[in-house]
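Biologist: I would like to learn how to read a two-chain model. Where do we begin?

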There are 2 protein chains.
Amino acid sequence: MSGGVEWALHCCVVLTAAPAPVPAARLAELHDVSASYLAKQLQSLSRAGLVHSVQGHAGGYALTRRPQDITVLDVVVAVDGVQPAFVCTEIRQRGPLATPAEACTAPCAISRAMAAADEAWRAALRGVTIADLARGVTGDYGPSAFDGIRAWLASA
Amino acid sequence: MSGGVEWALHCCVVLTAAPAPVPAARLAELHDVSASYLAKQLQSLSRAGLVHSVQGHAGGYALTRRPQDITVLDVVVAVDGVQPAFVCTEIRQRGPLATPAEACTAPCAISRAMAAADEAWRAALRGVTIADLARGVTGDYGPSAFDGIRAWLASA
């Protein structure tokens, strides 16, 4: 998994607390990361329809839907795509005892086991929303955890 | 995940059907892959205690325990190590509102969600054994699916 996923998730959680759209440069400053790098992640989120860019003087990025309607899997797929961890190369079709291609219409037992594990991983990430993550932050640091971020964003 | 995992799993399934130890070169020939590449995967399995090498004229590799006692996760970890898909870089400790390191003794909400998904993936792979995979092969290709492999191994 790329490091971009971690930045993108942190940005989404921050946006749940923002009363107005937040410029990409401001999100980069808050996270102490290069603006061009973070812009790339935000563009991935935007292409996936998770955030949208508001133009103009008070412009910036905002979530397109409620944080409880954006899952962690949505963000992972937006940034990293849908490529599974295991890629079957059809080893059964190789060598002196190769299974004929026409007999290989369904995935083999190894490929099925790997696909099931991949789906378990995806299901776990689908079961956690950005709202859950934001609740986790206030659970860890207290109900005023986002007040500092809101004040800092307003101070621009 | 490295491609070596796929080769290693195929080798383990073949070894469940082998009446005697199988030389690495023979496993490579069966799978139509370079012997030196496959030797590397077999050495990983050996270091993890999943296979052992029998020396001598009738030597080769054999499973060290019953196929129902070797999980797919055992093989994945033997070949690829235990590095999780997501690596937390403690973004919360960066920037103008950084959380002090001493307040970061437990993983953050994002890291916890990722770790839970990783554990779901591992649990799925832990729930499938090499015996299950071999049963999958006979389920797909009939009860005599391994007869050809046994005959080919005996023909060396």
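Modeller: First, the ground rules. This is a predicted model, where local features need pLDDT of at least 70, side-chain atom pairs count only at pLDDT 80 or more, and totals for chains, interfaces and linings use all residues; side-chain values use heavy atoms, with hydrogens and water left out. Residues are numbered from 1 along each chain as its sequence is written, and chains are lettered from A and ligands numbered from 1 in the order in which they are written.

Biologist: How many residues of chain A are in contact with chain B?

Modeller: Contact means heavy atoms within 4.5 Å. By that rule, 51 residues of chain A touch 51 residues of chain B.

Biologist: What area do chain A and chain B bury between them?

Modeller: Buried area is the accessible area (1.4 Å probe) that two parts lose on being put together, summed over both. Here the figure is about 3,900 Å², with 70% of it on carbon and sulfur atoms. Three residues stand out on chain A. A:Glu6, A:Ile91 and A:Ile110 supply 17% of the area that chain A buries against chain B, more than any other three residues.

Biologist: Which polar links cross the interface?

Modeller: A salt bridge is a side-chain nitrogen of Lys or Arg within 4 Å of a carboxyl oxygen of Asp or Glu. The rule finds two across the interface of chain A and chain B. A:Asp140 and B:Arg112 meet in a salt bridge through their side chains, at 3.1 Å from N to O. A polar contact is a pair of N or O atoms within 3.5 Å; within protein, one must be able to donate a hydrogen and the other to accept it, and residues adjacent in sequence count only if both atoms are side-chain atoms. Between chain A and chain B, 10 residue pairs are in polar contact, both residues being at pLDDT 80 or more.

Biologist: Which helices of chain A each supply at least two residues of the side that touches chain B?

Modeller: Helices (H or I, at least four residues) and strands (E, at least two) are DSSP runs, numbered from the N terminus. The helices of chain A that qualify are helix 1 (4-17), helix 2 (24-31), helix 4 (72-80), helix 5 (109-126), helix 6 (130-141) and helix 7 (147-154). Helix 5 of chain A gives the largest share of that side, 11 residues. Now sort by class. Ala, Val, Leu, Ile, Met, Phe, Trp, Tyr, Cys and Pro count as nonpolar, Asp, Glu, Lys and Arg as charged, and the others, Gly among them, as polar. The side of chain A that touches chain B has 35 nonpolar, seven polar and nine charged residues.

Biologist: Where does B:Glu29 lie?

Modeller: B:Glu29 lies in helix 2 of chain B. Its side chain meets that of B:Arg26 in a salt bridge, 3.0 Å from N to O. B:Glu29 is partly exposed at 43%, whereas B:Arg26 is buried at 13%. Leaving aside neighbours within four places in sequence, B:Glu29 is in contact with A:Gly95, A:Pro96 and B:Trp152.

Biologist: Is A:Thr129 buried or exposed?

Modeller: A:Thr129 is buried, at 11% relative accessible area. A:Thr129 sits in the loop between helix 5 and helix 6 of chain A. A polar atom of the A:Thr129 side chain lies 3.3 Å from the backbone nitrogen of A:Ala131. Beyond neighbours within four places in sequence, A:Thr129 is in contact with A:Pro67, A:Gln68, A:Ile70, A:Thr71 and A:Val72.

How values were computed. Buried means under 20% relative accessible area, exposed over 50%, partly exposed in between (1.4 Å probe, protein chains only).
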